[in-house]
Structures are given as C-alpha cells and as structure tokens.
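Here are my notes for a colleague opening this structure for the first time. Please keep the model in view while reading the points.

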Amino acid sequence: MSIEALSGKVFLVVTGASRGIGRQIAITFGSLLEKGSHMLLLARDLNALCEVTESISPIVNVDAVRMDLSKATKTDLEEAILKTLKGTTREAFDRVVLVHNVGSLNQKLLNELTDLNDWRAYYDLNFFVPAVLNAVVMNLFDSKTNTKKVIINITSLYGIQAFIGSGYYCTAKAAREMYFKVFALENPDVDVLSYSPGPVDTDMLTFLCENIIDPENKEKFREMRKNKTILSPEQSINRLVEVLKAHKYKSAEHVDYYTPL
C-alpha cells in the first residue's frame, strides 16, 4: 500500500508504544516502512516494548527505550533520539513521523481536583512533555535537513466534547488539539493530523467502563460492548492508515474513526 506519509526512508517515533493503540501503531506502521527506516518506541514497560519489536520486520531498525514520559526532560528526549540515530545522519531520512500517543485517563469531578501537584503531574504526561518532544524533534530535523515532517496527535472525542468526570482528560486533549492548530499555522510545511481512534478495546477503555462517573455514558459503553461495536486496535489503526492515504484533511484537523473519507 502506497502512503506518502510513510514513504521513503522514515524515522518514526511513537510514544506510549507498549500497549493498546500505541502498540498497534508501531506494528502496523512498521509493516509499511521501507528498508533502512528507523523506529524509536517510547514507554515505561521495556518488556512490553521488546515484545512489540519482535512483531516488526527486520528490514526496519527498531530501538525500544524505557522512559517515563511524565518525568522526561528535553535532554532525556534529545539523547534518546540521537542514540537511535547513531551510525546514520538526520539528513539520511526522507521524512520524520512523530506519533503523540501517550496519555492517561482519570475519573473525578472537577470540584475534587484541588491539588496543584496532581494537575501538574497529569499535564506533564498528557500535554507538557509531548509539547517539548514535538519541539525537540522539529529542532533536530530543522530546515537544513530537508526532511519532510508528519505529526500525528492521537486525540479523542473528549477533546471536543465535554463529559462528566473527565475534566483532566477533556481539557488535556483539547489543549493538545489547540497546540497543534497553532503549531500548524507556525509550521505550514509540516503535515499535522489529530486522529480520534473511536471506542477501542484497550486497557483505557476497560478502566473507563469500570470507573466512569456519568451513569448515562456508562450505559452507552455497556451497550457498545453488548452489541460488539467496540473497535479493535487493528481496526482503528487500519482506518488511520486509510485517512493518511486519502489525505483529505487540512493540517491539524480533527479526524474521527467515523469521519467519511
């Protein structure tokens, strides 16, 4: 399958790549990359990352790096990228693809969220560190490298619609979407997509179904499971591939699994 966003010699970075949607992105994208491409997979669970690498073609160079992205610094991120690129040059790649997948979920009413340290910790993982990583990659692959750049922000319906008990998640997803809208204006040469994968059968969805505060939403999720309308990670990421191939979106546009191509 010919997809411009993944064509040529690619340097691919995926955060939260050890499970769920991030795992599937690494496996699916890895199967589409050409010989000589490099992948950097970041997550806290190194064993799970190593299992992911076993599912990727040997023609692709893969580095699995254990990193707590809630605590990562600019230096940590730069060092991980440069270590992966050791033995090659940044100019050797036709394009760099950065997938911002890392994220966490919480269910609390807003009036319960009174600890600034909790807010900071949540935003460090879900917004601040992704923003720093984005800048690090852009600066390492600046205009001197002539490398085309693709940014995929894994977002959610929760980023554009409010839900009871999801103040952390909704606001962080919304902030990330707006960050990339501004980024796209400032970097018109970068292809940016905010992809909402739909209701996918992952640990996060299981957590949501078990802990969701809003009884109306809880019933909706139960009905989806009962009617087997929950998506598999493979279904959702195959759709992402179709979205990238069709490329009918404007830069930084929110595209849902169910958005017609």
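1. Start with the second largest pocket. Strand 5 makes the largest contribution to its lining, three residues. A strand here is a DSSP run of E of at least two residues, a helix is a run of H or I of at least four, and both are numbered from the N terminus. Strand 5 and helix 8 (233-246) are the elements that give two or more residues to the lining of the second largest pocket.

2. Before going on, note the basis. The model is predicted: local features need pLDDT of at least 70, side-chain atom pairs count only at pLDDT 80 or more, and totals for chains, interfaces and linings use all residues. Residues are numbered from 1 along each chain as its sequence is written, and side-chain values use heavy atoms, with hydrogens and water left out.

3. The volume of the second largest pocket is about 180 Å³. Its lining has 13 residues, and nearest its centre lie Glu4, Ala5, Arg95, Asp191 and His247. By class, four lining residues are nonpolar, two are polar and seven are charged. Nonpolar covers Ala, Val, Leu, Ile, Met, Phe, Trp, Tyr, Cys and Pro; charged covers Asp, Glu, Lys and Arg; the others, Gly among them, are polar. A pocket is an open set of points on a 1 Å grid over the protein atoms alone, where a 1.4 Å probe fits, with protein on both sides within 12 Å along at least five of seven lines; lining residues have an atom within 4 Å of a point. Points are joined across faces, edges and corners, and the volume is the space filled by probe spheres set on them.

4. Is His247 buried, partly exposed or exposed? His247 counts as partly exposed, because its relative accessibility is 38%; buried means under 20% relative accessible area, exposed over 50%, and partly exposed lies in between (1.4 Å probe, protein chains only).

5. Asn146 also has a positive phi, about 60°, although it is not a glycine. Find Asn146 in the loop between helix 4 (116-140) and strand 5. Its relative accessible area is 67%, so Asn146 is exposed.

6. Now the largest pocket. Its volume is about 1,100 Å³. It is lined by 45 residues, and closest to its centre are Ile21, Tyr169, Thr202, Met204 and Leu205. Helix 1 (20-30), helix 5, helix 6 (203-211) and helix 7 (215-226) each supply at least two lining residues. Helix 6 gives the most, with five. The lining divides into 23 nonpolar, 14 polar and eight charged residues.

7. Ile21 is in helix 1. It counts as buried, because its relative accessibility is 14%. Ile21 and Ile154 are 133 residues apart along the chain, yet their C-alpha atoms are separated by 9.0 Å.

8. How many salt bridges does the structure hold? There are five. A salt bridge is a side-chain nitrogen of Lys or Arg within 4 Å of a carboxyl oxygen of Asp or Glu. One of them joins Asp203 to Arg19, with the closest N and O atoms 3.1 Å apart. Asp203 lies in helix 6 and Arg19 in the loop between strand 1 (10-15) and helix 1, so this pair ties together parts 184 residues apart in sequence. Arg19 is exposed, at 52% relative accessible area.

9. Two other salt bridges stay within a helix. Glu78 and Lys74 pair at 3.0 Å between the closest N and O atoms. They are four residues apart in helix 3 (residues 74-84), so about one helical turn separates them. Glu242 and Arg239 also meet in a salt bridge, at 3.0 Å, N to O. They are three residues apart in helix 8, again about one helical turn. Glu242 is partly exposed at 37% relative accessible area, while Arg239 counts as buried at 18% relative accessibility.
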